[in-house]
Amino acid sequence: MCLAIPGQLVEFLPGNADQLALVDVVGVKRKINIGLMDDVKLEIGDYVLIHVGFAMSKVDEKEAAEALSMLELMGQAFTDELQAVAESSIE
Amino acid sequence: MRFVDEFRDPELAEVLGRQITSLCEPGRHYKIMEVCGGHTHTIYRYGVQDHLPENIELVHGPGCPVCVIPMGRVDDGIAIAERDGVILTCFGDMMRVPGGRGSFLEANARGADIRMVYSPLDALRIARDNPDREVVFYAIGFETTAPSTALTILRAAKEGIENFSVFCSHVTIIPAIKAILDSPDLRLDAFIGPGHVSTVIGCRPYEWIPRDFGMPLVCAGFEPLDLLQSVYMIMKQFSEGRAEVENQYSRVVAYDGNPVALRVLADVFALRPFFEWRGLGSIAHSALQLSPRYAQYDAELRYELPGVRVADPKACQCGEVLKGVLKPWECKVFGTACTPETPIGTCMVSSEGACAAYYNYGQYAKQRLNLEVLR
């Protein structure tokens, strides 16, 4: 729950007050909410850190890669989190 | 068997370790508290303490949101879940937290419908998909997750979803730090500030710590090198006679935080007059409840709850561990009666709890140190 997972913005999705976007999380495309990033200029290809389905901060590619390799080292905790992300369906 | 992982850049870690040692005042003992459970995890996982001189002691703080939920609040969740037609939803970490009447997992075995969700928005989707059921989201977490709950409530209000409500146990970090500083049990010298929480609240809310207590606080990232560098920045402040808030994690944390998240928090939530933390007791203005404007989404108003304070098991010393007074292995039941498989206390449940982190990784670090001594 407290893990921040990096994702890369693939597409802004229409509807729902423009709060939804498609991101690539470890090779899988997931819907997330970007409503907390209204003050930040986001573009396709940008990286964000995601907490419980919400983008919380924009980071550069290097930080995203480092955050991911850090998570991969966490083993089971990260596997569990990815499993939870896979079962999540945000609308 | 899992071993402590290697640093990504062992040479840099060694250089930092040497620089930190050179900044230590001879004969002085430094106690630095890392507030965040994520940091505690990294410290044990990578044996960060091994890279520090003996007179710098890392003390683990209360920043594990699962760990601080008191037994009575777990029982309240179970009471909600036992009502006809209710689906209770929560983060996975919450399922095994023991309450006075067992855990959510055990409640499910008795017939309750408690489901794990990744996001509060998943809970809202379950409500949308089950109009004949009442869906309650059991919200926990510090400022990292609270804005997500807030935005979900705003969405429910906008869509007019009436069978959704939130049982809110969101807590705030600043009053917990204040409680620790006011506690007579522990003398600290500095803080490593939480990374993700600071993404939301920024660094300004910590400024009273150096001002009123003369202690440095450095907001830190989650890599082992981030933590070493933060300790270096703290020691540098000591050596130069400074006490300030500094931001080691500026690649993610803005000094003023996330203004949108702060606005949403202020809109949806109000401060509770007081809230009971497991181990720390009742702390004034330390938790969030739904503001009157969103009262219809407040599960505490919607359902009749036991709301009873349940004392922690006598053998459990999570309180002392959460305050940093005891190290995990100093607890009477650590690793014997209390293990991650059969936790007595919350610190053994979450992977961010100091006890679980030490149980999984720390003991190997200690074994390795002993081996080095034998050599």
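These legends accompany close-up views of aromatic contacts and cavities in a predicted model.

**View 1. A tilted pair joins B:Phe142 and B:Trp277.** Across all chains, the structure contains 11 aromatic pairs. In the one shown here, the ring centres of B:Phe142 and B:Trp277 are 5.9 Å apart, with 55 degrees between the planes. The pair links distant parts of chain B, 135 residues apart: B:Phe142 belongs to the loop between strand S5 (134-141) and helix H6 (146-159), while B:Trp277 is in strand S11 (residues 274-277). Look for both side chains in the interior: B:Phe142 is buried, with a relative accessible area of 3%, and B:Trp277 is buried at 0%.

**View 2. B:Phe222 and B:Tyr249 meet edge-to-face.** Here the planes stand at 80 degrees and the centres lie 5.9 Å apart, so the pair counts as edge-to-face. B:Phe222 comes from the loop between strand S8 (217-219) and helix H10 (224-239) of chain B, and B:Tyr249 from the loop between strand S9 (245-247) and helix H11 (259-268), so the contact ties together parts 27 residues apart in sequence. B:Phe222 is buried, with a relative accessibility of 13%; B:Tyr249 is buried as well, at 3%.

**View 3. Ring pairs build a cluster in chain B.** Follow the rings of B:Tyr44, B:Trp329, B:Phe334, B:Tyr358 and B:Tyr359, which are linked into this cluster by ring pairs.

**View 4. A charge sits over a ring at B:Phe238.** The charged end of B:Arg28 is placed over this ring, 4.7 Å from the centre.

**View 5. The largest cavity has a lining from chains A and B.** Its volume is about 70 Å³, and it is one of three cavities of 30 Å³ or more in the structure. Strand S3 (residues 28-33) of chain A gives the most to the lining, with three residues. Among the other lining residues are A:Ile5, A:Val85, A:Ile90 and B:Tyr118. By class, the lining comprises seven nonpolar, two polar and two charged residues.

**View 6. The second largest cavity is lined by residues of chain B.** This cavity holds about 60 Å³ of space. Its lining includes the cysteines B:Cys316, B:Cys318, B:Cys331, B:Cys338 and B:Cys355, along with B:Val333 and B:Met348.

Methods:
Residues numbered from 1 in each chain as written. Chains lettered and ligands numbered in written order. Heavy atoms only, no water. Phe/Tyr/Trp six-rings, centres within 6.5 Å; stacked < 30°, edge-to-face > 60°. Helix = DSSP H or I, 4+ residues; strand = E, 2+ residues; numbered from the N terminus. Buried < 20%, exposed > 50% of the residue type's maximum accessible area, 1.4 Å probe, protein only. Lys NZ or Arg CZ within 6 Å of the ring centre and 35° of its normal. 1 Å grid on protein atoms, 1.4 Å probe; cavity = no way out; pocket = protein on both sides within 12 Å on 5 of 7 lines; lining within 4 Å. Points joined across faces, edges and corners; volume = space filled by probe spheres on them. Nonpolar A, V, L, I, M, F, W, Y, C, P; charged D, E, K, R; others polar.
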